[in-house]
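Subject: Structure for you to look at

Hello,

Here is the structure I said I would pass on. Please open it beside this message and follow along; my notes come after it.

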Amino acid sequence: MRGENQKLKLLYLAKIMQEQTDDTHALTMPQIIDELAKYGVDAQRKSVYDDLDALDFFGIEIIKYKEGFRTYYHCGNRDFEIAELKILVDAIQSSKFISAKKTEELIKKLEKSLSIYDAKLLSREVKVAGRVKNMDESIYYTIDAIQTALSTDMSISFRYFNWNVKGEKEYRRDGAFYDVSPWALHFDDERYYLIGYDNEKQQMRHFRVDKMREVDVTSKKRQGKAEYGKKDKAKYNEQFFRMYDGKIETVTLRCKNKMANVIIDQFGTEVKLIPADDEHFTVKVEVAVSSQFLSWVIALEGNAKIIAPESVKEDMQSLLSKTYIE
């Protein structure tokens with residue numbers, strides 16, 4: 001009597017080989033036949049040989065080798081190396097905007113790319129100081145809506161909020177919906193931002209995705225293509241500190257030589273570091289001048305100073321003159 005799942009034989013064989021074998025774990029032919037039997041599949045050696053060849057031809061690499069009188073079979077190449085998946089898992093576990101529940105779900109999905117043995121290596125706990133998981137999972141539906149709008153060339157509507165001192169949402173524009181043409185999703189400082197064209201104000205803006213609510217894809221075509229096309233995308237991302245708005249300025253910094261790594265890490269390898277004397281260099285950077293940028297300079301503790309333009313120096317003086325301690 002043939003097994004009840006004979007038609008699924010090749011699929012179950014692929015599942016067995018991918019889940020139970022890897023570079024350090026293999027199965028003999030009798031073991032493979034026994035595993036197929038657990039799925040209600042009756043198999044003969046000759047047919048399994050042919051099926052393994054079919055899997056290998058399809059792209060699921062099957063490697064066989066002999067030890068003594070026994071022949072062993074295991075899966076070879078996979079879509080991801082274990083080291084690559086470890087990096088992805090660490091990134092997921094340390095991300096603020098991914099909830100604990102979604103973190104577990106994503107890791108389980110990644111584990112399916114590995115054997116049951118290698119999957120255990122991904123189940124370790126990763127604790128990163130200062131990281132807080134966002135328990136609101138609406139961000140996933142927001143990103144899905146944005147991606148739909150991007151692929152269909154449509155605008156979106158949404159409400160946008162800030163937190164007040166009571167920990168409550170306060171919607172901007174008195175709760176009115178924003179009408180925005182989405183052009184890109186940007187990830188910065190562990191948060192997603194939407195770069196879009198405000199159809200009402202007719203200007204490019206960016207919005208924190210986790211602060212968008214009631215996102216809906218509208219029937220209106222996107223606007224602002226020419227405005228978005230004018231921007232150097234890589235430079236646009238570099239100019240904004242924590243995605244805070246500000247007037248784009250070319251700012252000249254005078255830095256101590258030991259700041260070279262810091263400047264290049266922040267602004268990229270294309271910036272020109274010009275020696276000023278034996279201990280200092282100057283550099284011109286194009287940035288959105290915001291309190292975030294000025295605070296970043298302050299945090300360098302005098303190792304970098306703004307020397308031009310005068311308007312930005314005045315902004316710095318104004319910020320420094322404010323009292324932060326009562």
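**What was found**

The backbone oxygen of T148 lies 2.9 Å from a polar atom in the side chain of S151. S151 belongs to helix α7, residues 138-152, and is exposed, with a relative accessibility of 60%. Please keep in mind throughout that this is a predicted model.

**The chain as a whole**

The chain has 326 residues, of which 40% count as buried. Its secondary structure comprises twelve helices and 13 strands. Among contacts with a separation of 6 or more, 64% are between residues 24 or more positions apart. The accessible surface is about 19900 Å², and carbon and sulfur atoms account for 50% of that.

K9 is in helix α1. Is K9 buried or exposed? With a relative accessibility of 11%, K9 counts as buried, because the cut-off for buried is under 20%. Its side chain makes a polar contact with the side chain of D51, at 3.1 Å. Leaving aside residues up to four places away in sequence, K9 touches L36, V41, A43, S47, V48 and D51.

One of those contacts, L36, is also among the buried residues of α2, together with M29, I32 and E35. Seen down the axis of α2, the buried residues fall within an arc of 120°, so they line one face of the helix. They pack against α1, β1 (27-28), α3 and β3 (70-75). Just after α2 comes G40, which has a positive phi of about 75°.

**Aromatic rings**

How many aromatic pairs does a search of the whole structure find? The search finds 13. One of them joins Y12 and Y39, which are stacked, with 4.4 Å from centre to centre and 20° between the planes. Y12 lies in helix α1 (residues 9-20) and Y39 in the loop between α2 (29-38) and α3 (45-58), so the pair ties together parts that are 27 residues apart in sequence. Y39 is partly exposed, with a relative accessible area of 24%.

F158 and Y160 also form an aromatic pair, this one edge-to-face, with 6.3 Å between centres and 75° between planes. Both F158 and Y160 are buried.

Two rings have a charged end sitting over them: K102 over the ring of Y140, 5.0 Å from its centre, and R222 over the ring of W183, 3.7 Å from its centre.

**Helix α11 and what it packs against**

Which residues of helix α11 (residues 291-299) are buried? They are F293, L294, W296 and V297. Viewed down the axis of α11, these buried residues fall within an arc of 155°, so they line one face of the helix. Their packing partners are β10 (247-256), α10 (260-267), β12 (280-289), β13 (304-308) and α12 (310-321). After α11 comes E301, with a positive phi near 55°.

Strand β10 contains E249, which is buried at a relative accessible area of 19%. That value counts as buried because the cut-off is under 20%. Leaving aside residues up to four places away in sequence, E249 touches V285, E286, V287, V289, P309, S311 and V312.

P309, one of those contacts, lies in the loop between β13 and α12. The peptide bond leading from A308 to P309 is cis, with omega near 0°.

**Two loop residues with positive phi**

R173 is not a glycine, yet it has a positive phi of about 55°. R173 lies in the loop between β5 (169-171) and β6 (178-188) and is partly exposed, at 27% relative accessibility.

Q202 is not a glycine either, and has a positive phi of about 55°. Its place is the loop between β7 (191-198) and β8 (203-208). At 57% relative accessibility, Q202 counts as exposed, because the cut-off for exposed is over 50%.

Regards

Terms used
Residues are numbered from 1 along each chain as its sequence is written. This is a predicted model: local features need pLDDT of at least 70, side-chain atom pairs count only at pLDDT 80 or more; totals for chains, interfaces and linings use all residues. Side-chain values use heavy atoms; hydrogens and water are left out. Buried means under 20% relative accessible area, exposed over 50%, partly exposed in between (1.4 Å probe, protein chains only). Helices (H or I, at least four residues) and strands (E, at least two) are DSSP runs, numbered from the N terminus. The arc is that of the directions from the helix axis to the C-beta atoms. Contact means heavy atoms within 4.5 Å. Rings of Phe, Tyr and Trp (its six-membered ring) pair if their centres lie within 6.5 Å; planes under 30 degrees apart count as stacked, over 60 as edge-to-face and the rest as tilted. A charge sits over a ring if NZ of Lys or CZ of Arg is within 6 Å of the ring centre and within 35 degrees of the ring normal. A polar contact is a pair of N or O atoms within 3.5 Å; within protein, one must be able to donate a hydrogen and the other to accept it, and residues adjacent in sequence count only if both atoms are side-chain atoms. Accessible areas come from the Shrake-Rupley method with a 1.4 Å probe; for residues, only the protein chains shown count as cover.
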